[in-house]
Amino acid sequence: MTQQKESVVTPERFNSGLTWDQWMKHIERNVPKFQYNYDETTIPADFEKRLKAIAARPNAPKKMLVIGEDWCPDVFRGLPVVVKIADALGAETRIFPRDENLDIMKEYLNHGEHMSIPAVVFYTADHEEIAAWLERPKKAQDELHNIGQLFEGLDKEKDAAEMRSRYNAFQEGPMWASWRDETIVEVTDLLEAKVS
């Protein structure tokens with residue numbers, strides 16, 4: 001049996017990450033989008049109850065690490081959601097910019113090759129890894145093709161402003177909101193399955 005390679009994320013390295021408030025002061029792009037998604041995310045009462053039950057189990061998640069970048073739509077939608085999940089769990093959050101922490105990212109490559117973000121990792125109080133969740137919920141993956149339909153009939157160069165306007169409106173619409181909701185479902189299901 002081969003031994004698992006030791007993670008570069010030691011307790012000290014974890015503690016060096018940014019809190020949510022520090023992240024919001026650190027980032028240069030999309031601050032309003034991060035804030036919008038945070039403000040628009042509510043953990044439903046039944047999921048709040050499930051998360052509290054997970055938090056009461058032995059080896060419950062007490063730390064959450066997130067790898068992200070401020071330019072990424074999956075991050076400015078997903079990071080605020082997982083921050084709310086961590087708050088419901090009573091877990092400490094630390095956020096790491098991906099491109100400054102490639103050694104951490106290499107441990108959580110999507111399918112062993114893609115640097116997909118956000119990468120969300122949960123740990124016990126003793127810093128034992130519990131589970132990782134990557135990029136976006138399956139529902140969002142399945143519905144990504146809908147984004148292309150926003151731009152039908154538009155010319156990429158002539159209609160750039162209209163394309164941006166439509167994409168921004170999409171990011172405040174019901175499908176985008178459903179992707180936030182599905183993140184709550186997937187992460188809660190994952191933790192219920194992994195936490196003893």
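In this predicted model, the charged end of lysine 63 sits over the ring of phenylalanine 14, at 5.2 Å from the ring centre. Lysine 63 also has a place in the sheet, where its bridge partner in β2 is glutamate 92.

**Sheet and packed helices**

- The sheet is open and has 4 strands in the order β2-β1-β3-β4, with mixed pairing.
- Its edge strands, each of which pairs on one side only, are β2 (92-97) and β4 (129-134), and the twist from one strand to the next averages 15°.
- Strand β1, which covers residues 63-68, runs parallel to β2 and is joined to it by 6 bridges.
- Helix α5 (residues 73-89) packs on this sheet and touches β1, β2 and β3 (119-123), with a direction that makes about 175° with that of β1.
- Helix α10, made up of residues 174-194, lies across β3 and β4 and runs at about 155° to β4.

**Aromatic pairs and a charge over a ring**

- The count of aromatic pairs in the model comes to 11.
- The rings of phenylalanine 151 and tyrosine 167 form a tilted pair, because their planes are at 50°, and their centres lie 6.5 Å apart.
- Phenylalanine 151 is in the loop between α8 (145-149) and α9 (160-170), whereas tyrosine 167 is in helix α9, so this pair ties together parts that are 16 residues apart in sequence.
- Tyrosine 167 is partly exposed, at a relative accessible area of 22%.
- One aromatic cluster includes Phe151 and Tyr167 together with, among others, Trp20, Trp23, Phe34, Tyr38 and Phe76.
- Tyrosine 38 of that cluster also has a charge over its ring, as the charged end of lysine 84 sits 4.3 Å from the ring centre.

**Threonine 41 and its surroundings**

- Threonine 41 is found in the loop between α3 (31-40) and α4 (45-55), and its relative accessibility of 4% means that it counts as buried.
- The side chain of threonine 41 reaches the backbone oxygen of asparagine 37 at 2.6 Å.
- Apart from neighbours within four places in sequence, threonine 41 is in contact with Val81, Lys84, Arg180 and Ile184.

**Backbone features in loops**

- Isoleucine 117 and proline 118 are joined by a cis peptide bond, with omega at about 0°, and proline 118 lies in the loop between α6 (102-105) and β3.
- Asparagine 59, in the loop between α4 and β1, has a phi near 60°, which is a positive value in a residue other than glycine.
- Histidine 127, in the loop between β3 and β4, likewise has a positive phi, near 70°.
- Asparagine 59 is partly exposed, with a relative accessible area of 48%, while histidine 127 is buried, with a relative accessible area of 13%.

Technical notes:
Residues are numbered from 1 along each chain as its sequence is written. This is a predicted model: local features need pLDDT of at least 70, side-chain atom pairs count only at pLDDT 80 or more; totals for chains, interfaces and linings use all residues. Side-chain values use heavy atoms; hydrogens and water are left out. Two strands pair if DSSP finds at least two bridges between them. Helices (H or I, at least four residues) and strands (E, at least two) are DSSP runs, numbered from the N terminus. Axes are lines fitted to C-alpha atoms, for helices over the stretch in contact, and angles run from 0 to 180 degrees between N-to-C directions. Contact means heavy atoms within 4.5 Å. Buried means under 20% relative accessible area, exposed over 50%, partly exposed in between (1.4 Å probe, protein chains only). A polar contact is a pair of N or O atoms within 3.5 Å; within protein, one must be able to donate a hydrogen and the other to accept it, and residues adjacent in sequence count only if both atoms are side-chain atoms. Rings of Phe, Tyr and Trp (its six-membered ring) pair if their centres lie within 6.5 Å; planes under 30 degrees apart count as stacked, over 60 as edge-to-face and the rest as tilted. A charge sits over a ring if NZ of Lys or CZ of Arg is within 6 Å of the ring centre and within 35 degrees of the ring normal.
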